[in-house]
Each structure stands twice: as C-alpha cells, then as structure tokens.
Amino acid sequence: MLQQECEVRICARDLQVGFDGRVLMRHVSFDVRAGEIFCIMGVSGSGKSSLLRVLMGLKAPQAGRIFYGDTDFWGGDQEARRNVMRHAGVLFQGGALWSSMTLAENVGLLLQQYTDMEEQEIREHALLKLALAGLAGFEDYYPSEISGGMRKRAGLARALALDPRILFLDEPSAGLDPVSGRMLDDLILELRETLNTSFVIVSHELQSIFAIADNSVYLDVQSRSVTAVGRPADLARDPETEVNARRFLTRGKV
Amino acid sequence: MQSNPQEVAAHASVQAETRKQGRLLHVSVCGLWRMGDSLPAEAHFVLQCLTDARVRELSLNADDLHHWDTSLLVFLVRVIRTARKRGLTVSLNLPEGLTRLLSLALSAPAGADVVRRQTDETFLSTLGGRALALLPDIADFFYFLGEIVASFQRLILGQSHMRLQDLMAIVYECGVRALPIISLTSLLFGLILAFVGWVQLTQFGAQVYVAGLVGIGMLRIMGAMMVGVVMSGRVGAAYAALTGTMRVNEEVDALSAAGIYPVDFLVLPRVLALTAMTPLLTLYADIMGIAGGYLVGVTMMGLNPYEYLNATVQMTPFRHVLVGLVYGTFFGVIIALSGCFHGMRCGRSAGAVGLAVTTAVVHALVGIILATAVITVVCTVLGV
C-alpha cells in the first residue's frame, strides 16, 4: 500500500453550525488527512451530531466552508455533494438498517446501485463485509431478528460496502459489549492500515478514543467553540489543555 | 485512492503455475485491484486448476501488488474456500495487512446453526402454507376480540388504563375532522342519485319521486356506505399505520413492560370512538345527501322547494333512518377492528407496516360489503 500521509481529505474552515436562529458552534476548523482517525468530542448538546450532519451533506452549515480534496462541498450543488458522498460511508447511531431487507441485501444495495457487478459477485462482496464486521452466517437475517449490537455491526458492514475513502461513525461503540467494542476498534485500525481509510468519529467512549484517535477537536458547550485540538491521549496528559476538555477526557477528575 | 506513478499493470492480474509435478499450485496476485473492475481472465483459470485432482497444495503470493481493495479479498476468500473444501494445504505469503483481513473474513460463523435455511417457495407449498395459516389466523382474530371484550369489562369495572383525553382526541380526529370530506362525498352522492332517478322518472312524468328515491337511498344504505368507505380509507389505514409503527419502534412493548394493557391504551378508545362516531356521521351524511338531491330537484328539475321537502318526508318512513344507523354502527366496528387488529399484529419492519395498512383497508372494505349483504338479507326476512 502507498501511504501519502500529507494528503488532506477533509478541510473544514470557520464552520458555524446550529438550528434555525440558534448557533451551537462557531469557528470550527480542522483537517482530516488520509488514513487518519479523527474524533469529534464534546458533552451532549454541544453540536457534535450537527457537525457530523454538516460534514455528511445532510444539513447546510450556517457559515464556513468544507473542502473534500479540491471540491468545495457546500459551495457546489446537490449533485456535486452526492458525488463526494459516494466515496464516503456512514454508520448511523442506531444502525439505520433498512428493515425490510436482509443484512446481505442491506450491504448489497449500494453495490447494486453503484457498480456493474453480477448478482453472485454482489453477494460475495456483501458476505465478506459482513464477515469483516463479525457477522458471518447472519447474512439472511432481517434487522429485527438480531440484537442491537449486531445491528450496529451490520450498519458498519453497510458503511464499508463500497470501500469508502472516508468513514463517518456516529457513536460506533455505544451499545456494544466490551469485547465487540474492542473488535470494532481493531477493525477500524486494520482498515486504516490496509485500505488507508480516513475516519471521522463522534464518540463518548474514552477508552476507545484513547486507543485509536490520531487527532480530535473538543467542542465546548459554554464558549460554543473548539477549545482543544490534538491527539486525545496527549490532551488528557497535557496540563495546558483547557479545563473543560481535560475534565471530559478524565471523566471529571480535574 | 492514489495509484503508483510507475504503474506496471493497470489492471488486476493473477499468475498461476503448477510445480512439483503438479502437486503444488503457485498463485501470485499482482497489479491494481479495484472494486467494479471485472476479474482477470486468469482468475477463472486458477479456480479451474484447483479442481485438478493432482493438486494437493496451494501457495498464495503477492508480487508487484500496487493497489488493492476488498475485491482482491473477495477473490482470495473464494480461492481459499474452494481449496479448503478439497482439503488442500494452503500457505499464505501475502502482505501482513491482507493476511489479517483474510483471517477476519474467514473466521468461522458464530455458530454453524445460524445459517438460515432458504424457505421453499413453490406454488403448492405457498398454497399449503396459506391454508394451514388460515385457521390460526382466524383463531388469533377471535383472541383479539376476546382481548377487547376483557378490556371493555375492565373499563366498566373502572380498572381500565384507557385515558379520557385519548378518547376525546380520537373522537375529535375521527368525528369532527371527518366532516368536510363526508360533506363533500355525500352531497355529491345525493346529486348523483337525483340525476340517475331524474332520467328514468321524467319518462313517466313522476319527477317528484326523485325526492323519495334520494331519501330512501341515502337514509337506508348509501349514507352509511359513503361514511364506511371514506372512514376505512381515512381512519382504518391511520390506525393500522399508527399501531404498526408503534410495534416496530417497540413502543407497544414499552406499554406492556410498564404494566399497561396495550389493548386498553390503544385499541379500546379507537373501537369506542369509531363505534360512536360512525352512526353520527351517517346521520350527517344522510342530511347532506338529501341536500344534494334537493339542489338538483329545485334548481334543475324545477320542483317547488316545499313540494320537494314534503315529498321527502311523505315517502321515507322513519324506520329507514334506524336501518341506516344499524349499518353505520356495524361499519364503524368493522373499520376499527380491522385497523387495530392488523396494526397490533404487524411485523417489525417498514415493509410490514405497509402491508398491515393495505390489509387493514382491504379487509375493512370487504367486511363492509359482507356486513351489508348480511344485514340486507336479515332486514328483508324481517320485512323491515
């Protein structure tokens, strides 16, 4: 594999996100590089999920710009955004699987839509992605027939369907048992290593954040701005880190 | 992703050769593997070689592998699975990351028994399955009826979980908010009846009998029928969708877990509200229908307004109103039961909710027609 560490995949500049007239976050700027695991941290209600929705093209920012490579994401039209998002995968918080399709069909739908593969090939690809997520053997089950944690892993398998360059994960390890959570972390690291995938993760799970994140922003709810930037494990140790961010990273021990 | 500037092969390629007098199959993957590209021609050759009885060992290697994604992984998994099925010795000399992903992909299923058996879908088995399911379905419906009766008993004893505010909201929704559409449809239906009668009756110079035709037609059956059809589309479908979605979201389970009877909370208020409101709407529809007939009679046929009203009262005995109310009450019960039953028995997917709504409306309409037939026969026998 080639690794061009310097390549910037997402570049956010001076983003302002919020609802209607309400501003949740101002002046958010960061870069996500190829093969980087980037974490968005913050307490509940700080605008993490809104920021993620802005990055995924589901919601327009109130101000600021996002570049995917050279493409101005919100400066272009819907079609341009769809093209960018074709190379991204998304794992939603609850899995958001299509409930009237089996797991294999859930994963296969994107392959069917975006590639010229044969039916049999699509199924093989779908089974592989499910196996990577630890769901071998469950391909013909419906989402309502498996447990919540398995639904989450199936959601990840679906996000992986097209070998995306960027993966957005919204609370990936919430609702997973510790062993599955660890497995997920390992899989994230493995994919980064082998396929050079970039990750944008919204998470509360400190253990997993420390284990995998290369870079992060901390969204502070009081000042409505980014108060800490850097590798979470370093931020937690650094006495210079802003106090709210340190409190978050040390579970309130500061 | 990026590709090597000094690309040797722009496409995926596989090289295979047999060594050690055909015992060892040496396969090396190279080039550029991209999802969506077709498999290289040699790939099929490799799979063919694997079926050769002389081959006892397989060695997988990577030379000049530039860029790959999971399409390579899919190919390798297929090769390894085929080899293992034949009991070959497999040795991997692949990049480390690829080996790790392979071992993840090849890890055994959580349990061999989890693989779901494909169900047999031939015509006969489907027919048989339907026939076998019919009796339990009917039994289930009667069980549902029993639940409603038990719930009604709790209501009388004052132990019901039904909330008055829910009942009032549902009454408002299915009664008051249905008035505009009932007005429109019934008025138009009265007009239609009058026009149809007009064409025939003018041949005998008996235009005034249009009043009787519209009056009896609307009061006895058509008023109730219009309300039944409109309400099964408007309300029956809504009940099925609402309770069905609540089941998908585990909201019904949340009620049960909180010790609240879902039937008390969701079904009973709807059945009561619709049973009460459908006869009232029927009366309203009757009046609107007669108004429609009156419009045609007075403005187009040139009948005297008093003459028309007088003829209506003279020609339509009061019992027709009562018969119409009987129809209306039955229709209300049928629509509410059909909507709630299919909603409460809904599967746990979005598709199942759609199916529940469709079935609820179809069953309500069929039920209305069947009830009409039965009541009509009974009325004829009784001479009402």
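Start with Asp163(A). Its salt bridge partner is Lys129(A), and the closest N and O atoms are 3.4 Å apart. By salt bridge I mean a side-chain nitrogen of Lys or Arg within 4 Å of a carboxyl oxygen of Asp or Glu. This pair links distant parts of the chain, 34 residues apart. Asp163(A) sits in the loop between helix 5 (148-159) and strand 7 (166-170) of chain A, and Lys129(A) sits in helix 4 of chain A. Helices (H or I, at least four residues) and strands (E, at least two) are DSSP runs, numbered from the N terminus.

Buried or exposed, Lys129(A)? Buried, at a relative accessible area of 0%. Asp163(A) is buried as well, at 13%. The cut-offs: buried is under 20% relative accessible area, exposed is over 50%, and partly exposed is in between (1.4 Å probe, protein chains only).

A word on the source. This is a predicted model: local features need pLDDT of at least 70, side-chain atom pairs count only at pLDDT 80 or more, and totals for chains, interfaces and linings use all residues. Residues are numbered from 1 along each chain as its sequence is written, chains are lettered from A and ligands numbered from 1 in the order in which they are written, and side-chain values use heavy atoms, with hydrogens and water left out.

Over all chains, the rule gives 20 salt bridges. Next, chain B. Arg154(B) and Asp264(B) pair at 2.8 Å, N to O. Arg154(B) is in helix 4 (residues 123-156) and Asp264(B) is in helix 9 (residues 262-300) of chain B, so the pair ties together parts 110 residues apart in sequence. Arg154(B) is buried at 14%. Asp264(B) is buried at 0%.

Now a network. Shared partners join Glu190(A), Glu96(B) and Arg100(B) through salt bridges. Glu96(B) meets Arg100(B) at 3.0 Å, N to O. They are 4 residues apart in helix 3 of chain B, so about one helical turn separates them. Glu96(B) is exposed at 60%, while Arg100(B) is partly exposed at 30%.

How many salt bridges run between chain B and chain A? The count is 2. On chain B, strand 3 (57-67), helix 2 (70-85), helix 3 (96-106) and helix 12 (350-382) each supply at least two residues to the side that touches chain A. The contact, meaning heavy atoms within 4.5 Å, takes 33 residues from chain B and 32 residues from chain A. The two chains bury about 3000 Å² between them, 63% of it on carbon and sulfur atoms. Buried area here is the accessible area (1.4 Å probe) that two parts lose on being put together, summed over both.

One residue to look at is His125(A). It lies in helix 4 (residues 119-132) of chain A and is buried at 3%. Leaving out residues up to four places away in sequence, His125(A) touches Leu111(A) and Met117(A), plus Met35(B), Thr70(B), Ser71(B) and Val74(B).

Last, helix 11 (residues 319-344) of chain B. It has 26 residues and reaches 38 Å from its first C-alpha to its last, close to the 38 Å expected at 1.5 Å a residue. That expected span is 1.5 Å times one less than the number of residues. Of its 26 residues, 19 are buried, so helix 11 of chain B is largely enclosed by the rest of the structure.
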